Amino acid sequence: MKLRTLLLKLKLTSGFGIKSEYAFYKFLRNKYTVLPIEINFSALDIAKCVNLSNRYYDKFCKSFNSKEVNDSLNYHLEHVKFISILDENYPIGLKESYLPPIIIFYFGNISLIENKMLGVVGSRKNTDYAFKSLNMLIPKVVQSDIVVVSGLAAGVDKLSHQCTIANGGKAVAVIGTGLDIYYPRENEQLQRNIAINHLLISEYPVGSKPLRFHFPERNRIIAGLIDTLLVIEAKNKSGSLITANLALQNNRNVLAIPGRIDSLHSVGCNELILAGAKPVLSAKDIIEEFYYK
């Protein structure tokens, strides 16, 4: 089997999570000076390579050898675009980040990942302040040929995509479901637009539902893809702050829009600024992170 196909099969197999997937890739990098194109590994071989726990061993081996997984493999090979961590066009920054995905499924223009990229995250229940801030900042950002990356969730994510597209910019959406699943449902038209005219990314096979743990996993991809992260309206202990911490671990720039000290929506942003994040007062504060350093 081609090594690239084997990585895809692992992504489709139950009982093998993102840590095991990356552990297997690291095992291969350590074992081979030059990675082979073809490789012959059984489920048992793979389980031993990553020291798969007894809790998942039987589930993984059964799934790996199942007709269901082989049928899914054939479907994805024939109908779903993907890049693997072995491919030349896999983003270098993502490969060097925390737990990079071994497979990325996508619809749209994959070359967008070669551009300067600004991540935008924030509250799912934003106020009008986030809306006004985005409309003040995004137009000049996209005019500077910076691609805007977010997670297509409700709130700030959705607004950032909409504002980017409305101002003629390019959007990248990293989602926590299969490419064919719309979550939240009201984002369906926006997701279809991004899939056709921009770039839609997921590490989950088609048909994958919006499971709770998918979204913190999705956040690490955003943090790995982008050069700079902008946080808008984040409550204390929010998913946006998790993404910000991941971005800092990846040595990315983290920016935050300051907010009212009496607003729960601004606690996270204000605390980020206290901890050293750059406060954003104008689009220039964002653009200079890409061009003047």
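**Cysteines and a helix pair**

Hi everyone, let's start with the sulfurs: there are 0 disulfides in this structure. Take cysteine 61, which is in no disulfide; its nearest cysteine sulfur belongs to cysteine 49 and lies 12 Å away. Please keep in mind that this is a predicted model.

Is cysteine 61 buried or exposed? Its relative accessible area is 14%, so cysteine 61 is buried, the cut-off for that being under 20%.

On to the helices. As a reminder, two packed helices are described by the angle between their axes and the distance between the axes. My pair is helix 7, residues 128-143, and helix 13, residues 283-291. Their axes come within 8 Å and cross at roughly 30°. That makes helix 7 roughly parallel to helix 13, because angles under 35 degrees count as roughly parallel. As for handedness, the crossing of these two helices is right-handed.

Which residues meet there? On the helix 7 side we have Leu137, Lys140 and Val141, and they meet Ala283, Ile286 and Ile287 of helix 13. Sorted by class, the contact between helix 7 and helix 13 has 5 nonpolar residues, 1 charged residue and no polar ones.

Conventions. Residues are numbered from 1 along each chain as its sequence is written. This is a predicted model: local features need pLDDT of at least 70, side-chain atom pairs count only at pLDDT 80 or more; totals for chains, interfaces and linings use all residues. Side-chain values use heavy atoms; hydrogens and water are left out. Axes are lines fitted to C-alpha atoms, for helices over the stretch in contact, and angles run from 0 to 180 degrees between N-to-C directions. Helices (H or I, at least four residues) and strands (E, at least two) are DSSP runs, numbered from the N terminus. Angles under 35 degrees count as roughly parallel, over 145 as roughly antiparallel, 65 to 115 as roughly perpendicular and the rest as oblique. A crossing is left-handed if the near helix is turned anticlockwise from the far one by less than a right angle, and right-handed if clockwise. Contact means heavy atoms within 4.5 Å. Ala, Val, Leu, Ile, Met, Phe, Trp, Tyr, Cys and Pro count as nonpolar, Asp, Glu, Lys and Arg as charged, and the others, Gly among them, as polar. A disulfide is a pair of cysteine sulfur atoms within 2.5 Å. Buried means under 20% relative accessible area, exposed over 50%, partly exposed in between (1.4 Å probe, protein chains only).
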